[in-house]
Amino acid sequence: MIRVNPHYSKLQASYLFSEIARKVSEFQAGNPDKDIIKLGIGDVTHGLPPACIEAMHKAVDEMAVDATFRGYGPEQGYDFLREAIALNDFASRGVTIQPDEIFISDGAKCDSGNIQEILAQDARIAVPDPVYPVYVDTNVMAGRTGKWKDGRYQGLVYLESTANNHYVPALPSEAVDAIYLCFPNNPTGATVTHDELKAWVEYAREHKSLILFDAAYEAFIRDESLPHSIYEVDGADEVAIEFRSFSKTAGFTGTRCAYTIVPKACRAYDAAGTVQDLHFLWNRRHTTKFNGVSYPVQRAAEAVFSPQGQEQIKALNDGYLHNAAHIRQQISTLGYDFVGGQNSPYIWINTGEDSWAFFDRLLNEAAVVTTPGAGFGACGEGYIRISAFNDFAKVEEAMQRIAAVLGR
Ligand SMILES: *Cc1c(COP(=O)(O)O)cnc(C)c1O
């Protein structure tokens, strides 16, 4: 008798964004003439940078001719892209990452979800709260947690990110094996300083743990004192894997290209405590289960690093940051406590109410979609996340409507 993976039954039924979509379509059906403004799901809204489009077109033409056609490429990605990343994203910031320590993939969601496959079944996992749900659910699926109880999975260590710690979690009081961190953060928009990150690297070195660092939003950092990569901290290459993506950096959410850094120095251990090679393991996993990102998409990603590409993505992201600054200013005027929206496209607002009730009020009375914080974890209760991914005119209009509803 074939049985299903029993761990899937522990997963919570309503996935956050499907529940939001259901509420939005219900509202639209009841109010067909209302123009709903979406500041909910974290998806970019502007067209791809022209430099990327040009490179993609050229690559598509190459694919039409036998002489320049490309079939299967290297699973880990083409050298031209891995070299461009090593140079522009790391060497330029004084960080040495070799091109062959970079694994090109079709998404940081897949990579941050799949990485747990190379870790032991009984690894003790720490996740922030609130959190990007992928880190949690993939460990539930793998059977690393107990049941869902009182809003949390048993067996996971939750790292609370609240106003008290400026949304940067304190080091755990118990020893953990793997720690997921994401800065600039989704959903809070909070950033981490070099010293705070250094404390985490020291913790990981002391406890022989591994940090899984998600830097999907690094392109929004404008404060030059903030680290873009965990490898800016000395010694992090031995204890950290980093996830990056072109999704938010260059508007590639529908184009699909990302990369994961597994330094050759990165360590894990077997049951006897002997050092094991994580780079080798991830390479084994990646080449077994993945056949590479398409050639035109890798050429488009390479074009992000051209001088024109760099200028274009800066303008693109400056636009989203301009939206974020407007949201911050409006929310501040309304008298709410919030974090984010600087060096980040997300603003995390303490509503002082039930977060789904607050979400419903903004949807029903302002026709604006946000994201209820409770969907990201117990510590998100009472908060909503507003995303700056939209046109400035829409953001302005949304904030006017929100002010009219909340004005006090
Ligand atoms: C959007 C996002 C990603 C990027 O995912 P892709 O699969 O590369 O599109 C990764 N991590 C977080 C926290 C995100 O919000």
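Me: Helices (H or I, at least four residues) and strands (E, at least two) are DSSP runs, numbered from the N terminus. With those terms in hand for this predicted model, in the loop between which two elements is the place of proline 184?

Reply: Proline 184 is joined to phenylalanine 183 by a cis peptide bond, whose omega is about -10°. As for its place in the chain, proline 184 sits in a loop that has strand 7 (178–182) on one side and, on the other, helix 6.

Me: Which residue is joined to proline 187 by a cis peptide bond?

Reply: Proline 187 also has its place in the loop between strand 7 and helix 6. The cis peptide bond there has an omega of about 15°, and the partner of proline 187 in this bond is asparagine 186.

Me: Is tyrosine 203 buried or exposed?

Reply: Tyrosine 203 belongs to helix 6, which covers residues 194–207, and, setting aside neighbours within four places in sequence, its contacts include Leu171, Pro172 and Ser209. Because the relative accessible area of tyrosine 203 is 5%, and the cut-off is under 20%, the residue counts as buried.

Me: Which residues have the most contacts inside the largest nonpolar core?

Reply: The largest nonpolar core has 52 residues, and its largest share, six residues, comes from helix 3 (residues 79–90). A second, separate core has 28 residues, among them Ala123 and Trp282. Within the largest core, the residues with the most contacts are Ile211, Phe246 and Phe252.

Me: To which residue's backbone oxygen does the side chain of histidine 279 reach?

Reply: Histidine 279 is part of helix 8, residues 278–289, and it counts as buried because its relative accessibility is 12%. Not counting residues up to four places away in sequence, histidine 279 touches several residues, including Phe103, Val262 and Pro263. Its side chain also reaches a backbone oxygen at 2.9 Å, and that oxygen belongs to aspartate 100.

Me: How does arginine 256 count in terms of accessibility: buried, partly exposed or exposed?

Reply: Arginine 256 lies in the loop between helix 7 and strand 10 (258–261), and its phi is positive, about 75°, although the residue is not a glycine. One of its polar side-chain atoms is 2.7 Å from an oxygen atom of the ligand. Since its relative accessibility is 31%, and the class in between runs from the 20% limit for buried to the 50% limit for exposed, arginine 256 counts as partly exposed.

Me: What is the relative accessible area of aspartate 150?

Reply: Aspartate 150 is found in the loop between strand 4 (148–149) and strand 5 (152–153), with a positive phi near 50° in a residue other than glycine. Exposed means over 50%, and aspartate 150 is in that class because its relative accessible area is 72%.

Terms used: Residues are numbered from 1 along each chain as its sequence is written. This is a predicted model: local features need pLDDT of at least 70, side-chain atom pairs count only at pLDDT 80 or more; totals for chains, interfaces and linings use all residues. Side-chain values use heavy atoms; hydrogens and water are left out. A polar contact is a pair of N or O atoms within 3.5 Å; within protein, one must be able to donate a hydrogen and the other to accept it, and residues adjacent in sequence count only if both atoms are side-chain atoms. A nonpolar core is a set of buried Ala, Val, Leu, Ile, Met, Phe, Trp, Tyr and Cys residues joined through side-chain atoms within 4.5 Å. Buried means under 20% relative accessible area, exposed over 50%, partly exposed in between (1.4 Å probe, protein chains only). Contact means heavy atoms within 4.5 Å.
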